[in-house]
Amino acid sequence: MRSRFAPVAVALAALLLVGCRQDMHDQAKYEPYEASELFADGAASRTPVEGTVARGMLHGDGRLYRGMEADGSFVDEIPLPVTSELVARGRERFEIYCSPCHGRTGDGQGMIVSRGFKQPESFHVDRLQQTQDGYFYDVISNGFGQMSSYASQVEPADRWAIVSYVRALQLSRRAPAQMLTADERQRLAAPAVPASGSSPESPTGAEGQHQ
Ligand code: HEC
């Protein structure tokens, strides 16, 4: 008896299992915002307890993470040690994220502007020379007018690195002569000599002759 029915039972079981097919993309778990009968509000996702801070997101230091003092005013100076590495990193990040609009020198004549985007004011105007470091940090974090926020692309330490490079760009336009070494001052005072004759870069000397 048993042996006669066994193949039929197996065949039936196989048929039933076909109905139970479950693909990997449809897993037995709740997806964001999925409904659930388990909770009174009918939602599977729970609201975090008030005041919950995601891991690594505390950002308690307002000077570092918001560029602001406790009273909400912008910090005057970058709250990190300004090293040549920081400025170099800032230059790299600036050229990636800011120069397309602000131009590589910060004059506001970037490529995107030449194609019709609003032209930002030059970083070399008095107002932006005199503003606090925290102001630049704030604009990168929250955007400004037509410029969107760069918070998701540029992390806090890199924002300060960019601020340090913007300061270097600004200084490059109006550094007091006393900041330079005697040698540098002499080179600055020497009249620019137009290139002439042959140079190591142009072995034929042709370039020079045409000038
Ligand atoms: C897509 C183009 C674009 C990019 C990229 C961009 N900006 Fe801007 N930025 C603007 C425009 C346009 C304004 C002026 C916005 C307005 O007035 O509506 C502006 C304004 C600013 C201001 C405020 C200037 C003021 O007049 O007070 C600062 C500071 C600034 N940008 C810094 C940066 C830095 C730093 C980066 C790189 C992280 C950056 N921007 C990237 C377009 C851009």
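Mentor: Please keep in mind that this is a predicted model. As a general idea, nonpolar side chains in soluble globular proteins tend to be buried together. Here the largest nonpolar core has 15 residues, and those with the most contacts inside it are Ile162, Val163 and Val166.

Trainee: Which elements give two or more residues to this core?

Mentor: They are H3, helix H7 (133–142) and H8, and H8 gives the most, with six residues.

Trainee: What does Ile162 touch, leaving aside residues up to four places away in sequence?

Mentor: Ile162 touches Gly90, Arg93, Phe94, Cys98, Ile140 and Val154.

Trainee: Which residues of H8 are buried, and what do they pack against?

Mentor: The buried residues of H8 run through Asp158, Arg159, Trp160, Ala161, Ile162, Val163, Ser164, Tyr165 and Val166, and the buried residues of this helix pack against H3 and H7.

Trainee: At what angle do H3 and H8 pack?

Mentor: Angles of 65 to 115 degrees count as roughly perpendicular. Helix H3 (residues 84–97) and helix H8 (residues 156–174) pack at about 95 degrees, with their axes 7 Å apart, and they are therefore roughly perpendicular to each other. H3 brings Leu86, Val87, Arg89, Gly90, Arg91, Arg93 and Phe94 to the contact, while H8 brings Asp158, Ala161, Ile162, Ser164, Tyr165, Val166 and Ala168.

Trainee: How many residues of that contact are nonpolar, polar and charged?

Mentor: Eight are nonpolar, two are polar and four are charged.

Notes
Residues are numbered from 1 along each chain as its sequence is written. This is a predicted model: local features need pLDDT of at least 70, side-chain atom pairs count only at pLDDT 80 or more; totals for chains, interfaces and linings use all residues. Axes are lines fitted to C-alpha atoms, for helices over the stretch in contact, and angles run from 0 to 180 degrees between N-to-C directions. Helices (H or I, at least four residues) and strands (E, at least two) are DSSP runs, numbered from the N terminus. Angles under 35 degrees count as roughly parallel, over 145 as roughly antiparallel, 65 to 115 as roughly perpendicular and the rest as oblique. Two residues are in contact if their C-beta atoms, placed from the backbone, lie within 7 Å. Ala, Val, Leu, Ile, Met, Phe, Trp, Tyr, Cys and Pro count as nonpolar, Asp, Glu, Lys and Arg as charged, and the others, Gly among them, as polar. A nonpolar core is a set of buried Ala, Val, Leu, Ile, Met, Phe, Trp, Tyr and Cys residues joined through C-beta atoms within 7 Å. A residue is buried if 20 or more other C-beta atoms lie within 10 Å of its own, exposed if 12 or fewer, and partly exposed in between; C-beta atoms are placed from the backbone.
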